[in-house]
Amino acid sequence: MTAGVGPTDVLAGRYQLERVLGSGGMGVVYRARDLLHGAFGAANAWVALKLLGEPLAQSPDGHVLLYSEFALTRTLRHEHVVRMFAFEVDTVRQVAFFTMELLQGVTLDRLLLECPEGLPWSELQPLALQLLDALSYAHRQGVLHGDVKPANILLGDEGLRLFDFGLGHGTAQEAAGLPGLSRSRLNAWTPAYAAPELMTGGELSALADLYGAACVVYELAQGCRSAPRQPDQPLPRPRGLPRQCWPALRSALHWTPEQRKVTVAQLREAMAGVRRCWFV
């Protein structure tokens, strides 16, 4: 929890914090009531509010990271990507934060705990297609997610939402000269889903996002993995995955980025049942 901020506080004279929805090394997300909208009788006056967690709250450039996540995600308009509302600063507490849509549902890491043997194809396929749709769209907009993993994907009544672009990168931001940070110094990637090249100091790329998404799809099909994968360890075809989908997914899971011969969009085609003969 960020120093000086906790449940029941009101930020910027407007957002009444209610409870913590989730936290990690980089940020804390609260359920909050927008008192302004509530005062005007809005039917839904609740938002999700994210601010920096410790120790980033004490970092002199931590607010840059928070704004970068907001700015990246705000450029995306897709039904399977979380929607951003506003970036604000509570000048009294000297706390920066942003608001976004309040998502209702369960994250895929929780779903996997409830389904340790994986999902049947009838349930897995729509989730895979929605995830790959969202990621492919982000890539077309010049945005890399940087941290695709089950904990950053939520399943609700309206389908799947991809969120938490805190480790992401945008080509438009870079071209515009907007402030940014070196994500590698944060060392915040999750080994089970981070592309091997990221763990050894490599640059974030679309192929790294592809690897993370492929790991998520594989785990949804196979069930929870018991140990991190090793470079020379071949993966079996998941029990819940149709045989014709396996060549593309296997390529996306290759340890070496140069050997990932598919794009996110092409992996999506394979999951949809489009047959191609060039997967290796």
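**Cavity, pockets and cysteines**

Analyst: The largest cavity comes to a volume of about 70 Å³. This is a predicted model, where local features need pLDDT of at least 70, side-chain atom pairs count only at pLDDT 80 or more, and totals for chains, interfaces and linings use all residues. Numbering starts from 1 along each chain as its sequence is written, and side-chain values use heavy atoms, leaving out hydrogens and water.

User: What makes something a cavity here, and what is a pocket?

Analyst: On a 1 Å grid over the protein atoms alone, a cavity is a set of points where a 1.4 Å probe fits but cannot get out, whereas a pocket is an open set with protein on both sides within 12 Å along at least five of seven lines. Lining residues have an atom within 4 Å of a point. Points are joined across faces, edges and corners, and the volume is the space filled by probe spheres set on them. Searching the whole structure turns up one cavity of 30 Å³ or more.

User: Which residues line the largest cavity?

Analyst: Among them are Trp-189, Tyr-193, Leu-198, Asp-209 and Gly-212. Helix H7 (residues 206-222) gives the largest share, three residues; helices (H or I, at least four residues) and strands (E, at least two) are DSSP runs, numbered from the N terminus.

User: How do the lining residues of the largest cavity divide by class?

Analyst: Seven are nonpolar, three polar and two charged. Ala, Val, Leu, Ile, Met, Phe, Trp, Tyr, Cys and Pro count as nonpolar, Asp, Glu, Lys and Arg as charged, and the others, Gly among them, as polar.

User: What about the largest pocket?

Analyst: That one holds about 820 Å³ of space. Its lining has 36 residues, with Leu-21, Gly-22, Val-29, Ala-151 and Phe-163 nearest the centre. S2 supplies the largest share of this lining, four residues, and by class the lining has 16 nonpolar, 11 polar and nine charged residues.

User: Why is Cys-215 called buried?

Analyst: Buried means under 20% relative accessible area (exposed is over 50%, partly exposed in between; 1.4 Å probe, protein chains only). Cys-215 sits at 1% relative accessibility, so it counts as buried. Cys-245 is also at 1%, therefore it counts as buried too.
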